[in-house]
Every structure is written in structure tokens, then in C-alpha cells.
Amino acid sequence: SEINTNKWESQPSLAPDGKTLYYASTRNGGKGSSDIWVSIRDINGTWGKPYNLGEPINTPGQEMSPFIHPDGKTLYFSSNYHIGMGGMDLFLSRLNNDGTWGEPENLGYPINTFEDEVTLLVNANGDLAYISSNRLGGFGKFDLFTFEMPEHIRPEKVNYLKGIVYDSETKQKLKAKFQLIDLETNKIVVESYSDKLSGEFLICIPT
């Protein structure tokens, strides 16, 4: 009930820490017709009260389709209010060291056009992207397109860490909470659970 209201909630994107959820909503308290909101999952697995991502990302217009890259620092989203090519355009904002978000950057032409570019997904390496657009050359109203990401709008590269949690005596696979901690800053980078049946976990970490 914290996440869903009688308004529109959609387009969820889960951060690599396993507990930060970005999504679009027209819920009350926003800056425009739809905004990007964030909810944090607590130690018991319950989603907390969402907060509006605020400026400089949300505007009096429409912001939607958030995608937080596995690097945990690069947020892609669409907007019809930030200066763009026309209609809905795709933007990126990078998380600063102080926890604030940088000024949104239009991804530019030919990624954005005078038509609507609504959703963008980027692979873990950051070199390949997929978008949804109603631009000319498609088969229907909105089609999927793919392209190589230009260097200047790529996220940080990420690596993977995977493993299995099991009882050392019985060898039974276990569901277990685990944390990945940065030894330099003592901050928790990832907090999640292994699978209750297989004991497996797979997480993304910045290179």
C-alpha cells in the first residue's frame, strides 16, 4: 500500500543494491503530471514510504520510465519538459558523491527525434542500448530499436559476483541475507538474499 495508490504507478526499476526502487507515478504530491519516485526496502523486506526524486530530475511536466543502471549511479529517464528534440525525449542524470543528482543531459540526436522516445534500457557493459519509440521506420505505433551507446553517455562498467549459500555440515542450500561492504568507506554496497531453493545469488558491482 505504500507503493500503490488510486493513481498510476508503473515502470519499476530496481537498483543493484537490491533495496532501492525507482518508479513512475501520478500520485499526489508530485511536481508534474507524472514524476519519478523512490522507495527503500527495510531490513524486514518491507517497502518504505516513497519520496519524490525532486529537482533537477522532476519538473512541472511529465517524467517517466526510470532505468537505474547496474552501476547504481546512472539514471536514464524520459521527459517532455526538459529541453529536448520534441515530445518525450530520453535523458540521463548521474549521482554525485554527495548523494545529489546531476543536471539531466539530453541524449541527443539520433537517439532522440521529434517523435516520442519513451523507454531506454542499457546492458551491464554500458555499450548497448534498447529504446521504445514511435519514430518513422517502425512497424507500428511504438517499436523497439537497438543501438551502440556513444561513449559520453555510457554508464560505468560493472562486474558480477555470484555464489551459493549452504549449511557447512548438511550442505543444504539456504536462504540468507548477505551484505557486500566497501572496505574503504565501510558503506554497504549491496544488501540482498540468496535464493531459498538453490541458495544462489548474483549481484552487480561497479568495476
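Q: Before we get going, what counts as a pocket here?
A: A pocket is an open set of grid points with protein on both sides within 12 Å along at least five of seven lines. Keep in mind that this is a predicted model.

Q: OK, what volume does the second largest pocket have?
A: About 170 Å³.

Q: Which residues lie nearest its centre?
A: Ala15, Pro16, Gly18, Leu202 and Cys204, out of 14 residues that line the second largest pocket. E14 and E15 each give two or more residues to that lining.

Q: And how does that lining divide by class?
A: Eleven nonpolar, two polar and one charged.

Q: Now the largest pocket: how much space lies in it?
A: About 950 Å³. The lining has 31 residues, and Gly72, Lys73, Leu95, Ile188 and Val189 are the closest to the centre.

Q: Which strand supplies the largest share of that lining?
A: E14, with five residues. Strands E2 (20-25), E3 (35-40), E13 (177-182) and E15 (200-206) are also among those that supply at least two each.

Q: Switching topic, which residues have the most contacts inside the largest nonpolar core?
A: Tyr76, Leu107, Leu120, Val122, Phe147 and Met149, in a core of 13 residues. Strands E7 (89-94), E9 (117-122) and E10 (128-133) each give two or more residues to this core.

Q: What does Tyr76 touch?
A: Leaving out residues up to four places away in sequence, Tyr76 touches several residues, including Phe67, Phe91, Ile153 and Arg154.

Q: Which residues does the second core include?
A: Val38, Leu53, Ile57 and Phe77 are included in that separate core of eleven residues.

Definitions and conventions: Residues numbered from 1 in each chain as written. Predicted model: local features only at pLDDT ≥ 70, side-chain atom pairs only at ≥ 80, totals over all residues. Heavy atoms only, no water. 1 Å grid on protein atoms, 1.4 Å probe; cavity = no way out; pocket = protein on both sides within 12 Å on 5 of 7 lines; lining within 4 Å. Points joined across faces, edges and corners; volume = space filled by probe spheres on them. Helix = DSSP H or I, 4+ residues; strand = E, 2+ residues; numbered from the N terminus. Nonpolar A, V, L, I, M, F, W, Y, C, P; charged D, E, K, R; others polar. Core = buried A, V, L, I, M, F, W, Y, C linked by side-chain atoms within 4.5 Å. Buried < 20%, exposed > 50% of the residue type's maximum accessible area, 1.4 Å probe, protein only. Contact = heavy atoms within 4.5 Å.
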